[in-house]
Amino acid sequence: MIKSLSSAFVSLALTASLANAYWLMGAQNTITTERIDPIVNPGVIAGHVHSGMFTADIIVGGSNFRFSSTTKFLRESQCTSVPIVEVSIYSNYWYPHLYFHAADGTFKSLNGGVVIQPNTPDYLFDNKPGTVTAFPDDFRMFSGDPNLRSYNASSYAQQAVSFLCLDFDNSQGGTTKHAELPLNKKCPSGVRSQINFPSCWDGKNVDSPSHTTHTAFPSGGPDSGKCSDPKYPFTLPRIFMEIYWDTNSGVDYSKAKNPAQPFVFAQGDATGYGFHADFFNGWDKGVLQKAVDGCTCNIYGDLTCCAEKGIFTKKKDGTHCRITPAIDERTTGVLNALPGGNKVTGLNQKPSPAIDSAPPKLILPVFAYEGDKPTQTGTVQK
Ligand SMILES: *[C@@H]1O[C@H](CO)[C@@H](O)[C@H](O)[C@H]1NC(C)=O
């Protein structure tokens, strides 16, 4: 299973990146699954559940994914879920969790994200050194729109989101690509949500009110063309995330509320058009610049060649970097409602994010750990 996943992954990644050099960070763990969003909802409990994935490098211990963030704070993290050692790679990436919506009204979280390797994020960039600008400190960005429930094929922002119905053994004629969560189709090897971040930048702002307008997609769409708009002249490394969901284990389509498409993203999106992701930069600018200028040696995205050039140091294996919960709320397993009470909406329906009338309590402080269990846990705040 794992083997076939990786080979399919490599070939698909290759097709997506013909003209580019790239590397795969291969996050090996989800550090937490909570309603925390230091970009869109800094300082407060977020409207929906994200799987917080810490892509950083090793040092020891914890990971500073919290209610609010800065690049400096991220670099003080103790551990990471990507197989790189350097202290300078402490970025955060996050995206909504996916649930099976049962006819009895319950929601069951799917195995996904980083449970099966390999995983994202991928960094893609031009082979020619000097063409890509590293992210500045405190840079953050957002891709996708959680409120979308319809598809506009001419929108680059919507083209940036896609799904693969995975079929590694060719039992249904092979893997297919979709703009939405695959309809009327069981995907034999699971579903992969994919998202491109914008890769052009205004060169001035590290954020913008919508978290999107300081960046733009290139001239040809999310994964092609140039940063030719004079308002966005700087080319950033293109971050592409591929998130694998096990849509088969423990999933009984005959018990689904909607057997044609039984899955729902945490913000209540039953279409997939509202899939989105956040990036908070933790990179040391110099290290990232060296990487995008020099790590052009392996077309398979393997970090080994970057390591051999002294740009990264690879960890032997991924640690299991996690943090203790900051919110007293269950977000995985079988739930009676989506966290925060978000209502499910389908094609062309108006999204209906819930007002959290009784927000859960906080558990503080948060501890990082790498074993099976934390040695310390925080206390619930009254
Ligand atoms: C679809 O997207 C294009 C490009 O962004 C935009 O110009 C157009 O207004 C959109 N159409 C609708 C119906 O929103």
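Me: Let me start with a definition: a polar contact is a pair of N or O atoms within 3.5 Å; within protein, one atom must be able to donate a hydrogen and the other to accept it, and residues adjacent in sequence count only if both atoms are side-chain atoms. Which side chain does T32 make a polar contact with?
Reply: The side chain of E34, at 2.6 Å. One caution: this is a predicted model, in which local features need pLDDT of at least 70 and side-chain atom pairs count only at pLDDT 80 or more, while totals for chains, interfaces and linings use all residues. Residues are numbered from 1 along each chain as its sequence is written, and side-chain values use heavy atoms, with hydrogens and water left out.

Me: OK. Where does T32 lie?
Reply: In strand β2, residues 32-36. Strands (E, at least two residues) and helices (H or I, at least four) are DSSP runs, numbered from the N terminus.

Me: Is T32 buried or exposed?
Reply: T32 counts as buried, because its relative accessibility is 8%. Buried means under 20% relative accessible area, exposed over 50%, and partly exposed in between (1.4 Å probe, protein chains only).

Me: How far apart in space are T32 and A326?
Reply: Their C-alpha atoms are 9.3 Å apart. In sequence, T32 and A326 are 294 residues apart.

Me: Zoom out. How many helices and strands does the chain have?
Reply: Five helices and 23 strands. Of its 382 residues, 54% are buried.

Me: What share of the contacts between residues at least 6 apart joins residues at least 24 apart?
Reply: That share is 75%. Contact here means heavy atoms within 4.5 Å.

Me: Now the core. How many residues are in the largest nonpolar core?
Reply: It has 47 residues. A nonpolar core is a set of buried Ala, Val, Leu, Ile, Met, Phe, Trp, Tyr and Cys residues joined through side-chain atoms within 4.5 Å. W23, Y123, F135, I239, F279, W283 and F312 have the most contacts inside it. Strand β16 (residues 238-246) gives this core its largest share, four residues. Apart from it lies another core of 15 residues, including I31 and C321.

Me: Why group nonpolar residues at all?
Reply: In soluble globular proteins, nonpolar side chains tend to be buried together.

Me: Which strand does β8 join through bridges?
Reply: β16, through three bridges, and the two run antiparallel. Y123 has I239 of β16 as its bridge partner. Two strands pair if DSSP finds at least two bridges between them. Four of the five residues of β8 (residues 122-126) are buried, so β8 is largely enclosed by the rest of the structure.

Me: Sheets next. What is the order of the open sheet of four strands?
Reply: β17-β5-β6-β20, with antiparallel pairing. β17 (263-265) and β20 (334-335) are the edge strands, each pairing on one side only. β5 (residues 98-101) is joined to β17 by three bridges, and F100 has F263 as its bridge partner in β17.

Me: What about the sheet with three strands, what order is that?
Reply: β14-β13-β15, an open sheet with antiparallel pairing. β14 (215-216) and β15 (234-235) each have a single partner strand, so one side of each is left without a neighbour in the sheet. W201 stands opposite F234 in β15.

Me: New topic. Which residues are around the ligand?
Reply: N152, S154 and S155, where near means having a heavy atom within 4 Å of the molecule or strand in question. An oxygen atom of the ligand is 2.3 Å from an N or O atom in the N152 side chain. The protein covers 25% of the 360 Å² of accessible area that the ligand has on its own.

Me: Last one: what does the side chain of S91 reach?
Reply: The backbone nitrogen of G282, at 2.8 Å. S91 is in strand β4 (residues 91-96) and counts as buried, at 0% relative accessibility.

Me: And what does the side chain of S189 reach?
Reply: The backbone nitrogen of F168, at 2.9 Å. S189 lies in the loop between β11 (176-178) and β12 (191-196). S189 is buried as well, at 7% relative accessibility.

Technical notes. Areas by Shrake-Rupley, 256 points an atom, 1.4 Å probe, with all protein chains shown as cover.
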